[in-house]
Amino acid sequence: MNLRKSMALMRGGVLESLHYRLSTFTTLFANLIYLVLVYYLWKAIYASSGTDTVNGMTFNDTMIYLILATALFNFLEMYLVWDMSRSIQSGQIVLDLLKPMKYRKYIFWNCTGPLMINFVLNFVPTFLIVLWITGGAIPMGINLLYFMVSTILALMVNFNIDMIVATICLYTESTWGINIVKETIVLLLSGATIPLAFFPEGLANVIHWFPFRAVYDAPLSILLEKNGCDDILGVLETMGFQLAWAVILSIAGILFWRHAVKKITVNGG
């Protein structure tokens with residue numbers, strides 16, 4: 001019964017995403033402009049460096065990493081904080097809490113529909129285009145299977161980070177500023193904006209233990225075999241890191257939600 005409910009929520013999310021097709025294509029167009037800017041920015045950085053390799057990465061390595069990181073961001077981004085903030089302000093959250101399913105589970109499965117659409121319409125085409133343009137620079141082997149598992153773990157980590165930040169809405173009723181800060185921190189410290197290889201060694205060693213690396217850098221490192229997929233222990237270590245943070249953040253999020261939901265006020269109620 002629970003599985004059927006979950007699949008129904010996923011299907012509803014898919015249909016909703018397909019209904020608002022213009023939003024999807026607008027996002028794709030905006031990402032294209034962003035990637036053009038990123039291309040010329042990093043082209044200038046490498047031109048001024050006077051060398052073809054910076055911190056162990058060539059220009060092509062950097063561009064492949066950043067393009068796939070952008071596609072992965074568009075796939076994994078749930079906009080959960082924005083949705084919950086609007087739900088609280090409109091009072092819709094009261095109806096959601098009355099549904100015959102735990103709120104966190106309801107939110108998660110409701111988000112999976114748009115994620116599937118983003119994966120098919122955004123990440124897969126981007127991956128294939130990069131593979132074609134680079135002449136097969138992306139390894140095609142067992143790393144793809146590892147990457148899929150790592151991406152699922154990244155989704156779990158990202159969902160729990162978003163859920164913790166979104167729960168703050170129950171206190172503030174508006175999290176625009178908090179969410180902007182959250183997105184900036186996650187994108188910067190996860191390697192989605194700047195590859196972690198470009199950070200100073202001391203700072204990189206600290207960031208290495210943060211949960212943000214589990215969202216983008218971990219799956220991309222496995223996909224591009226930066227950790228060496230022939231070393232199964234290295235892959236398992238990366239996935240273990242992701243799983244550990246997914247469990248820690250999930251427990252923290254559940255405890256925080258149970259406490260925060262008692263403080264909910266809607267329209268002065």
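This is a predicted model: local features need pLDDT of at least 70, side-chain atom pairs count only at pLDDT 80 or more; totals for chains, interfaces and linings use all residues.
Good morning. Residues are numbered from 1 along each chain as its sequence is written, and side-chain values use heavy atoms, with hydrogens and water left out.

I begin with the overall fold. The chain contains 12 helices and 2 strands; these are DSSP runs numbered from the N terminus, helices being H or I with at least four residues and strands E with at least two. Along the sequence, the pattern reads α-α-β-β-α-α-α-α-α-α-α-α-α-α. Of the contacts with a separation of 6 or more, 79% are between residues 24 or more positions apart, a contact being heavy atoms within 4.5 Å.

Phe-29, Leu-32, Ile-33, Val-36, Leu-37, Tyr-39 and Tyr-40 make a nonpolar surface patch of about 720 Å². Patches are made of residues with over 30% relative accessible area and no salt bridge, with like charges joined within 9 Å and nonpolar side chains (Val, Leu, Ile, Met, Phe, Trp, Tyr) within 5 Å.

Tyr-39 lies in helix 2, residues 21-49, and counts as partly exposed because its relative accessibility is 32%. Tyr-39 also belongs to an aromatic cluster with Tyr-40, Trp-42, Tyr-46, Phe-59 and Phe-198. Over the ring of Phe-59 sits the charged end of Lys-43, 5.8 Å from the ring centre. The criterion is that NZ of Lys or CZ of Arg is within 6 Å of the ring centre and within 35 degrees of the ring normal. Arg-213 likewise places its charged end over the ring of Phe-241, 4.2 Å from the centre.

How many aromatic pairs does a search of the whole structure find? The search finds 15. Rings of Phe, Tyr and Trp (its six-membered ring) pair if their centres lie within 6.5 Å; planes under 30 degrees apart count as stacked, over 60 as edge-to-face and the rest as tilted. Phe-123 and Phe-147 form a stacked pair, 5.7 Å centre to centre with 20° between the planes. Phe-123 is in helix 6 (residues 103-133) and Phe-147 in helix 7 (residues 142-167), so the pair ties together parts 24 residues apart in sequence. Both Phe-123 and Phe-147 are buried. By contrast, the planes of Phe-210 and Phe-212 stand at 85°, with ring centres 6.2 Å apart, so this pair is edge-to-face.

Finally, the structure holds 1 salt bridge, defined as a side-chain nitrogen of Lys or Arg within 4 Å of a carboxyl oxygen of Asp or Glu. Asp-162 and Lys-182 form it, their closest N and O atoms being 2.7 Å apart. The pair links distant parts of the chain, with Asp-162 in helix 7 and Lys-182 in helix 9 (residues 176-189), 20 residues apart. Both Asp-162 and Lys-182 are buried. Thank you.

Definitions and conventions
Accessible areas come from the Shrake-Rupley method with a 1.4 Å probe; for residues, only the protein chains shown count as cover. Buried means under 20% relative accessible area, exposed over 50%, partly exposed in between (1.4 Å probe, protein chains only).
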